[in-house]
Amino acid sequence: MSDLPDYQPPRVWIWNKENGGQFAAINRPTAGATHDKELPVGRHPLQLYSLATPNGMKVTVMLEELLELGHDGAEYDAWLINIRDGDQFGSGFVDINPNSKIPALLDHSTQPATRVFESGAILLYLAEKFGALLPTDHAGRTECLNWLFWQMGSAPFLGGGFGHFYVYAPVKIEYAIDRFAMEVKRQLDVLDRQLANHGYIAGDRYSIADIAIWAWYGPLVQNKVYEAAEFLETASFSNVCRWAEKIAARPAVRRGRLVNRVTGDPAEQLAERHEASDFSSVATAL
């Protein structure tokens, strides 16, 4: 199975060295701030502190969808939190999210301002605040939330599991890659079966369930993350691919995926977003 020597865990684990990989410098077994740093505040009530990871994209897509629907109160400032530089451990950010993970939202339309962290919680908060992209009938709302929480529980196996060991780990471990590849393909099969009889994830209406799931699984099947589409044979999940293309073509999705992006094609990077006109700098990507 592997040429790696067997690892025998000690009786008590002690953190005495970095574990290697691209994120080793910021990984640690303790919480809390590592440095004092206040967060900037723009002129809009909604202040987003994020990065264009899949979890970050969920919120910027959601905000752009709300603006597309005519909700002027959804105007927002999106400030860059560069997790590779450890910005998420600044005192101001930790005050909003004690878990030090992006995205984090501060809603200044309430007194005192309301902090919201965890991407699924932010989607639900915004959907309820603006009465949009979440069914109001009992059955529809429940089904939408079923899939929203499915994503929150499933994506760590994709990102922290498969993505980490397939792309970021300092060594390739056959057992780990096989284990998580199997799980990701099972998840894609779950989605493919659901989308075989539904236009959108939770039924016939576009919702926060689509936004949450697309941010992770859409780029995966379109080979825009991990470069693993061939390895996972994602083209065989035809319903997921059809759905992913449909979601990706939405104007709000096309805008939202660019916000707080600082990697990849420079023409598709919008490090911060404070006004709709900021998209003029990446107009060729829209």
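Some ground rules come before the details. The model is predicted, so local features need pLDDT of at least 70 and side-chain atom pairs count only at pLDDT 80 or more, while totals for chains, interfaces and linings use all residues. Residues are numbered from 1 along each chain as its sequence is written, and side-chain values use heavy atoms, with hydrogens and water left out.

Start with the charges. The structure holds 14 salt bridges, a salt bridge being a side-chain nitrogen of Lys or Arg within 4 Å of a carboxyl oxygen of Asp or Glu. One of them joins the side chains of Glu64 and Arg273, at 3.2 Å from N to O. This pair links distant parts of the chain, 209 residues apart: Glu64 sits in helix H1 (residues 54–68), and Arg273 in the segment after helix H9 (251–256). Helices (H or I, at least four residues) and strands (E, at least two) are DSSP runs, numbered from the N terminus. Glu64 counts as buried because its relative accessibility is 2%, and Arg273 counts as buried at 0%. For these labels, buried means under 20% relative accessible area, exposed means over 50%, and partly exposed is what falls in between (1.4 Å probe, protein chains only).

Arg273 also meets the side chain of Glu75 in a salt bridge, at 2.7 Å from N to O. Glu75 lies in the loop between H1 and strand E2 (76–80) and Arg273 in the segment after H9, so this contact ties together parts 198 residues apart in sequence. Through shared partners, salt bridges join Glu64, Glu68, Glu75, Arg255 and Arg273 into one network.

Arg250 is in the loop between helix H8 (238–248) and H9, and Glu65 is in helix H1, so parts that are 185 residues apart in sequence are tied together. Glu65 is buried, with a relative accessible area of 3%, whereas Arg250 is partly exposed at 24%.

Next comes the open space. The second largest pocket has a volume of about 640 Å³. On a 1 Å grid over the protein atoms alone, a pocket is an open set of points with protein on both sides within 12 Å along at least five of seven lines, and lining residues have an atom within 4 Å of a point. Grid points are joined across faces, edges and corners, and the volume is the space filled by probe spheres set on the points. This pocket is lined by 18 residues, and those nearest its centre are Tyr7, Trp13, Lys17, Asn19 and Ile173. By type, the lining divides into eleven nonpolar, three polar and four charged residues. Here Ala, Val, Leu, Ile, Met, Phe, Trp, Tyr, Cys and Pro count as nonpolar, Asp, Glu, Lys and Arg as charged, and the others, Gly among them, as polar.

Tyr7, which lies in the segment before strand E1 (46–50), counts as exposed at 58% relative accessibility. Pro170 is placed in the loop between helix H4 (138–168) and helix H5 (174–195) and is exposed, with a relative accessible area of 54%.

The peptide bond from Ile102 to Pro103 is cis, with omega near 0°, and Pro103 lies in the loop between helix H2 (91–96) and strand E3 (104–107). The bond from Gln111 to Pro112 is also cis, again with omega near 0°, and Pro112 is found in the loop between E3 and strand E4 (114–117).

Then there is the loop between H6 (208–221) and helix H7 (229–232), where Asn223 is placed. Phi of Asn223 is near 65°, a positive value in a residue other than glycine. Tyr226 lies in the loop between H6 and H7, and its phi is near 65°. Asn223 is partly exposed at 36% relative accessibility, whereas Tyr226 is buried at 18%.

Definitions and conventions: On a 1 Å grid over the protein atoms alone, a cavity is a set of points where a 1.4 Å probe fits but cannot get out, and a pocket is an open set with protein on both sides within 12 Å along at least five of seven lines; lining residues have an atom within 4 Å of a point.
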